[in-house]
Amino acid sequence: MSKRIEVSDLNVYYGSFLAVEDVSLTIEPRSVTAFIGPSGCGKSTFLRTLNRMHEVIPGARVEGEVRIDGDNLYGPGVDPVLVRRQVGMVFQRPNPFPTMSIKENVLAGVKLNNRSISKSDADALVEKSLRGANLWNEVKDRLDKPGSGLSGGQQQRLCIARATAVSPDILLMDEPCSALDPISTLAIEDLIEDLKKEYTIVIVTHNMQQASRVSDKTAFFNIAGTGKPGKLIEYDQTATIFTQPSVQATEDYVSGRFG
Ligand SMILES: Nc1ncnc2c1ncn2[C@@H]1O[C@H](COP(=O)(O)OP(=O)(O)O)[C@@H](O)[C@H]1O
Ligand SMILES: [Mg+2]
């Protein structure tokens with residue numbers, strides 16, 4: 001079930017280094033939000049605070065709040081493992097488990113969560129997840145073959161199937177197409193359009209066409225210089241960000257005049 005994300009006054013640190021400063025924004029359910037901005041401005045760092053992956057790094061921490069349908073992810077007693085089940089993540093490089101079959105890859109998250117599942121339920125979940133990732137027809141006759149034997153674009157859709165198999169509310173994607181060819185990229189973009197009916201989706205992308213094709217809203221992050229914190233500069237409807245931004249830096253970035 002798709003959920004609302006509300007971030008208030010979030011500061012994100014690596015040790016004493018303030019990497020992202022004072023971000024507040026609300027992301028609506030059943031929408032796609034793109035994070036754009038130059039390298040090093042903290043897009044990935046901020047994204048990882050939305051499912052508590054940030055704090056996996058020693059010394060890394062946050063100040064502020066992230067609420068998912070009102071519940072603070074950083075509240076006392078909240079289990080980060082449960083948070084990561086609720087908020088799934090897809091990475092830049094497709095990362096199927098190389099020794100596992102296609103089917104085992106889809107079920108990997110479910111098994112990690114210690115859910116025992118009957119063979120028929122498992123088969124049904126594999127089919128549903130792979131259909132949901134627009135991959136079923138391509139792999140249904142080789143479910144027991146290694147996931148690493150698929151093309152890059154297929155592997156990324158397999159990773160999306162793995163992420164959705166645990167029924168998350170939110171899907172975070174960090175440059176999910178940057179390692180893919182243009183055809184596979186379009187397949188993922190079509191898939192994102194379908195997935196937004198069921199999930200809240202946040203995608204980091206360096207591809208401006210992609211941001212304008214897939215997202216409803218866009219957040220532009222920027223950095224004043226090396227060692228300075230990244231900041232959220234402007235957040236609005238994607239069409240507004242690309243045609244009538246209010247901040248000059250946004251206009252410079254989206255029109256390719258940056259730097
Ligand atoms: N594991 C880490 N430890 C320390 N600093 C990091 C780590 N990961 C990223 N950073 C720093 O945080 C800042 C933001 O990085 P990042 O979130 O990767 O930016 P983006 O995704 O926008 O390119 C950069 O200054 C980067 O060097
Ligand atoms: Mg990044």
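Predicted model: local features only at pLDDT ≥ 70, side-chain atom pairs only at ≥ 80, totals over all residues.
Residues are numbered from 1 along each chain as its sequence is written, and chains are lettered from A and ligands numbered from 1 in the order in which they are written. Local features need pLDDT of at least 70, side-chain atom pairs count only at pLDDT 80 or more, totals for chains, interfaces and linings use all residues, and side-chain values use heavy atoms, with hydrogens and water left out.

The shell around ligand 1 consists of Tyr14, Phe17, Ala19, Pro38, Ser39, Gly40, Cys41, Gly42, Lys43, Ser44, Thr45 and Ile57, a residue being near a molecule if one of its heavy atoms lies within 4 Å of it. By class, this shell has six nonpolar, five polar and one charged residues (Ala, Val, Leu, Ile, Met, Phe, Trp, Tyr, Cys and Pro count as nonpolar, Asp, Glu, Lys and Arg as charged, and the others, Gly among them, as polar). Polar contacts are pairs of N or O atoms within 3.5 Å; within protein, one must be able to donate a hydrogen and the other to accept it, and residues adjacent in sequence count only if both atoms are side-chain atoms. A polar backbone atom of glycine 40 is 2.7 Å from an oxygen atom of ligand 1, and a backbone N or O atom of cysteine 41 lies 3.3 Å from an oxygen atom of the ligand. For serine 44, a polar side-chain atom lies 2.8 Å from a ligand oxygen atom. Of the 560 Å² of accessible area that ligand 1 has on its own, the protein covers 63% (Shrake-Rupley method with a 1.4 Å probe; for residues, only the protein chains shown count as cover). The elements giving two or more residues to the shell are β2 (17–27) and α1 (43–49); α1 gives the most, with three residues. Helices (H or I, at least four residues) and strands (E, at least two) are DSSP runs, numbered from the N terminus.

The largest nonpolar core has 42 residues, and those with the most contacts inside it are Leu130, Ile160, Met173, Ile192 and Leu195. Such a core is a set of buried Ala, Val, Leu, Ile, Met, Phe, Trp, Tyr and Cys residues joined through side-chain atoms within 4.5 Å; buried means under 20% relative accessible area, exposed over 50%, and partly exposed in between (1.4 Å probe, protein chains only). Helix α6 (residues 152–165) gives the most to this core, with five residues. A second, separate core of 28 residues includes Ala19, Leu25, Ile68 and Val202.

Helix α3 (residues 102–112) is mostly covered, with eight of its eleven residues buried. The cover over these buried residues includes α4 (119–132), α5 (136–139) and α6. Leucine 125, in helix α4, is buried because its relative accessible area is 14%. Leaving aside neighbours within four places in sequence, leucine 125 is in contact (heavy atoms within 4.5 Å) with Leu107, Val110, Ile117 and Ala165.

Asparagine 72 lies in strand β5 (residues 71–72) and counts as buried because its relative accessibility is 18%. A polar atom of the asparagine 72 side chain lies 3.0 Å from the backbone nitrogen of tyrosine 74. Methionine 208, in helix α8 (residues 208–214), is buried, with a relative accessible area of 15%. Not counting residues up to four places away in sequence, methionine 208 touches Ile36, Phe242, Tyr253 and Val254.
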